[in-house]
Amino acid sequence: MNSRFRDCLESSPVVDRGGYQYFINPLTDGVPSMSPEILEEVVEWMLSAGDFDCDILVTPESMGIPLAVPLALRLGIPYTVVRKRSYGLPGEVVFEQRTGYSRNTMSINGVKKGDRVVIVDDVISTGGTLDALVSALTDNIGARVVDVLVPVSKGPGTENVLERRGIPVKTMVDIDIVDGKVVCHTD
């Protein structure tokens, strides 16, 4: 992994959100501004790691969007955003999602039964969003998740989703919060 992304992660401030150690980073929060070089590094990793034999890219709002858009443009694959509000459109699937620090209702539009889906998100921590999203896509819609790309893994979320769903989650870097600082672990 390039040292720019590692440096960017390791310089992230960490704040306490009700007992949950939350790191603030341009990739995962859009704060402070994202360097095009770091975004390109992450997108290049996704392009090299991903299995894009799919019909559509699916990304939960909001910070998966800046990753899904360049992938869609480069690959010529449509994307849809899983929103935190319902539009009431025909075929919309609404589901509940829970993270380490919040609980939301989310809505999927634009994914059909039989669609092959690649999920793109920014960070996985508890696995709550990803688990609920995969369940809604596979169980409620009848889509098939062919790949999951998440640049940053914090904590046990990746293993939890892998154990429960049997769907591989590809991550670029694993991080931990140690003494209020982000520590990166890469292969």
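**Ile 141 and the fold around it**

Me: Which residues does Ile 141 touch, not counting residues up to four places away in sequence?

Reply: Ile 141 touches Val 93, Ile 108, Val 111, Lys 112, Lys 113 and Ala 136, where contact means heavy atoms within 4.5 Å. The model is a predicted one, in which local features need pLDDT of at least 70 and side-chain atom pairs count only at pLDDT 80 or more, while totals for chains, interfaces and linings use all residues. Residues are numbered from 1 along each chain as its sequence is written, and side-chain values use heavy atoms, with hydrogens and water left out.

Me: Why does Ile 141 count as buried?

Reply: Its relative accessibility is 11%. Buried means under 20% relative accessible area, exposed over 50%, and partly exposed in between, with a 1.4 Å probe and protein chains only. Ile 141 therefore counts as buried.

Me: What makes helix 5 mostly covered?

Reply: By the buried criterion, 10 of the 14 residues of helix 5 qualify. Among them are Leu 130, Leu 133, Leu 137 and Ile 141. Gly 142, with a positive phi near 90°, follows helix 5.

Me: What covers the buried residues of helix 3?

Reply: The buried residues of helix 3 are Ile 38, Glu 41, Val 42, Val 43, Trp 45 and Met 46. Their cover includes helix 1 (3–10), helix 4 (65–75) and strand 9 (144–154).

Me: Why does the radius of gyration of the protein agree with that of a compact globule?

Reply: The radius is taken over C-alpha atoms, and the globule rule is 2.2 Å times the number of residues to the power 0.38. With 187 residues, a compact globule would have a radius near 16 Å; the protein has 16 Å, which agrees. The C-alpha trace spans about 45 × 35 × 30 Å along its principal axes, and 47% of the residues are buried. The protein has 6 helices and 11 strands.

Definitions and conventions. Helices (H or I, at least four residues) and strands (E, at least two) are DSSP runs, numbered from the N terminus.
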